[in-house]
Amino acid sequence: MTHVAAGATVGVVGAGTMGAGIAEVAARSGHPVRLLDAAPGAGAAAVDGLRTRLARDVEKGRLDQAGADDVVARLTVVDDVGAMAGCALVVEAVAERLDVKQQLFAALESVLDEDAVLATNTSSLSVTAVAAPLRHPGRVVGLHVFNPAPRMRLVEVVRGEDTEPSVVEAATELARAWGKTPVTAASTPGFIVNRVARPYYGEAQRMVEEGVADPATIDLVLRECGGFPMGPFELTDLVGQDVNLAVSTSVWEQTFADPRYAPTVFQQRLVDAGRLGRKSGRGVFDYREGADGARPPVASEPARLAPARVSVWADYDFGPMKAFWDRVTAVVPIDLVDDEDDDRSGVLLPGNGLLRVASGARASAFQWSAAEGVVLLDWAHDPADCTRVALSASARCSMETLHAAVGLCQAAGVDVTVLRDSPGGIVARTVSMLVNEAVELVCRGEADAADVDVAMLLGTGYPSGPLQWGDRLGPVTVREVIEDLHDWIPSGRYRASARLTDADSSGVKLRDL
């Protein structure tokens, strides 16, 4: 059986950010490491960077000087592929081009022992395609280490069509030995994290194109209502707009132009303008001296308004926002209405308007001739403790009705963001698409449910794994949002997984699919 023993020699090709980070992880874990880069001085620069980080660890008492010296001594810069002979594992972290990786692995295959493992750190290319030209494609595995490699716990172990099970097992064991948390996936476009995360970026960019809100407001709502650690625009500015666009384009092309993954004109224009994010000084936001940076001010908040006494239909289901409504009713007197003949269920607001919880439809879809307007309450990840909620109102909504909705929510102790009327709001639309994508990945057999949730928690810092989140929301709720989105935007992008219906009818949890 293939095995990478403790203390076995590891080769790393590519001394950029990822290659240097992987070399550091291996050296700190006790492996002699041979580091190769075609660029003059790149390997030496990587070693200097390692020395700096080790010195910081010594200064902070995390490592003694002898231990730091041992780590540096295990790292050797080499200048020829032939120097990789004798390595038990070689990890490539070179340019994200299929031809470059194939040529490198062909050269490595000619000097390595037959039981040596070849690992690619690709984030979006097909592991199957990388391995295809080799005499022994079964030795190739994806070892997608996340950046920064020394700190990020997640490693995606990716099996190509020909990858031998023992090689997958060896890579998984090695990741654990390096102190990482491995998840396994098939060689599908984007693997787990980059595949499931596509809607987080794509929906935000489309919402800007649709005029739902500006990027700063969308980021604010997804952070403070959705519970995400970073908004999609500040995150793509950090990663690099060009990098994010390249991954989106790769996934889209590998799925034969599936509209679910189509890149956006919004992002292409940023890249065309050289606005790549933090590294270029400007992206979606401005990082130049004196600018507002990643979190510029958003549109002014609504003034604090006194809550009005309202009525609510006794049988109205607040669904994902039930805990928030409990906060409201704890401080505001509420009258109950029990009228089975009236289909205008929700919260009856002054001005003959209604407050309802967001679905995939616009507020205008709930318009009745007798009503002056409808206000939709977007979802929150933690409705019992959230500090902000978002509202959207139909075009005919009176200011009296909107102000009543704002005041009612403010009474629960939260800030309120008012959005333009749009299908699905911001959080409901984004989260439903994330859950749907995760369900599809599992149902195609490309990863198991537990690994998907672990990968998204560790790789992106999402507040919940998408399948866990979907179980809390309920598959019916998620499916209805996506189907409503399709009704409003019939582009082929919004396709509810059949398994959402299966899970609902069978009572099986999404995490048990």
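The lining of the largest cavity in this structure comprises four nonpolar, six polar and four charged residues. The model is predicted: local features need pLDDT of at least 70, side-chain atom pairs count only at pLDDT 80 or more, and totals for chains, interfaces and linings use all residues. Residues are numbered from 1 along each chain as its sequence is written, and side-chain values use heavy atoms, with hydrogens and water left out.

**Cavity**

- The count is one cavity of 30 Å³ or more (a cavity is a set of points on a 1 Å grid over the protein atoms alone where a 1.4 Å probe fits but cannot get out).
- The largest cavity holds about 70 Å³ of space, a volume being the space filled by probe spheres set on the points.
- Of its 14 lining residues, those closest to the centre are Arg 198, Gly 202, Arg 206, Ser 248 and Ala 262; lining residues have an atom within 4 Å of a point.
- Two or more lining residues come from each of α8 (198-209) and α11 (241-254), where helices are DSSP runs (H or I, at least four residues) numbered from the N terminus.
- Helix α8 gives the largest share of this lining, five residues.

**Helix pair α9 and α10**

- The axes of α9 (residues 215-224) and α10 (residues 232-239) come within 7 Å and cross at roughly 105°; axes are lines fitted to C-alpha atoms over the stretch in contact, and angles run from 0 to 180 degrees between N-to-C directions.
- Helix α9 is therefore roughly perpendicular to α10 (65 to 115 degrees).
- In the contact (heavy atoms within 4.5 Å), α9 contributes Pro 215, Ile 218, Asp 219, Leu 222 and Arg 223, and α10 contributes Pro 232, Phe 233 and Glu 234.
- These contact residues divide into five nonpolar, no polar and three charged; Ala, Val, Leu, Ile, Met, Phe, Trp, Tyr, Cys and Pro count as nonpolar, Asp, Glu, Lys and Arg as charged, and the others, Gly among them, as polar.

Terms used
1 Å grid on protein atoms, 1.4 Å probe; cavity = no way out; pocket = protein on both sides within 12 Å on 5 of 7 lines; lining within 4 Å. Parallel < 35°, antiparallel > 145°, perpendicular 65-115°, else oblique.
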